[in-house]
Amino acid sequence: MTNNKRPQIALIYDFDGTLAPGNMQEFGFIQAIGDDIEQFWAKCNKLADKNDANHILTYMYTMLNEARADGISLKRKSFKKFGAMVKLFPGVEQWFALINKVGDDLGLDVKHYINSSGLREMIEGTPIYHEFEQVYSSTYLYDVDGVAYWPGVAVDCTAKTQFIFKIARGIKEVGDTMKVNEYMPKEEQPVQYHHMIYFGDGLTDVPSMQLVRHFGGHSVAVYADDSCKPKAQKLIEQDHVDFIAKADYTEGSEIYNLVKSMLKKMKADHDFAQLKQTHKENSK
């Protein structure tokens, strides 16, 4: 029987460098612990390189260690306070309503997701947190007093790919390792892979970009300004993404028009598939 439900479309975003310039720790947290940006990341990288360790775990450890040493609160609300300081690219706050309207006018159900190595707690402090169906990102464990003491989830570049599968299957639990691996017929998946668009800014997004494209979806590399454009150009030259665009999310911008075109194509492809299915059923 033909399915008349509105197709679900997933727009999946990296956060740092994609929706916000730089890394989220650079908008207040690093300054609060008395470091400059280069000094902080040098500590994290040195710890990772010296111990052949995961770079996400070492930055999370360094944040805890440095904040504790400087008497900065490690409660969730403190991280959210720093998240509220994060600067977003132009148009980001209005972007979701704009794209939701484009989708609605086309008869599509558009949902937005974060897939980030950054901290969920800080993303929760941004003015756009409520726009997302789910935030898949790194996060801490908290003790009985609500104080962060250990990484709970560390999302590196390859770990990001698992969340693409979870989005397809409608699994919101970040820590799930069972349902995501269970068999689910393609037609029962809430979000089809060819109805996904992935937005990222660098090499850490490549596995997710490639995965989405492999299954028929689209990927976009964004860049902050002309100095960052060569990195995005390299991603399209190496066939990791379909498009590149400046991180200007205002109505009428290049990325707005690209997404609008992709959504139109998804709707046309869906309608065409439905038409073929109808004819097949009527021929019986």
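**Entry 1: contacts along the chain.** I began with the contacts in this predicted model. Among contacts with a separation of 6 or more, 60% are between residues 24 or more positions apart.

**Entry 2: overall build.** Next I looked up the secondary structure and found 10 helices and 7 strands. I also noted the span of the C-alpha trace along its principal axes, about 75 × 45 × 35 Å.

**Entry 3: surface and charges.** I wrote down that 49% of the 284 residues count as buried. The accessible surface comes to about 14000 Å², and carbon and sulfur atoms hold 52% of that. For the charges, I found 33 positive and 39 negative ones, with mean positions 4 Å apart.

**Entry 4: a visit to Thr18.** I found Thr18 in the loop between β1 (8-13) and α1 (29-32). Is Thr18 buried or exposed? Its relative accessible area is 0%, so I put Thr18 down as buried, the cut-off being under 20%.

**Entry 5: who Thr18 meets.** Which side chains make polar contacts with the side chain of Thr18? I noted Asp14, at 2.9 Å, and Asp201, at 3.4 Å. Leaving out residues up to four places away in sequence, I listed what Thr18 touches: Phe89, Phe199, Gly200, Asp201, Val222, Ala247 and Tyr249.

Note on methods. Residues are numbered from 1 along each chain as its sequence is written. This is a predicted model: local features need pLDDT of at least 70, side-chain atom pairs count only at pLDDT 80 or more; totals for chains, interfaces and linings use all residues. Side-chain values use heavy atoms; hydrogens and water are left out. Helices (H or I, at least four residues) and strands (E, at least two) are DSSP runs, numbered from the N terminus. Buried means under 20% relative accessible area, exposed over 50%, partly exposed in between (1.4 Å probe, protein chains only). Contact means heavy atoms within 4.5 Å. Accessible areas come from the Shrake-Rupley method with a 1.4 Å probe; for residues, only the protein chains shown count as cover. Lys and Arg count as positive and Asp and Glu as negative; His and the chain ends are not counted. The place of a charge is taken as NZ of Lys, CZ of Arg, CG of Asp or CD of Glu. A polar contact is a pair of N or O atoms within 3.5 Å; within protein, one must be able to donate a hydrogen and the other to accept it, and residues adjacent in sequence count only if both atoms are side-chain atoms.
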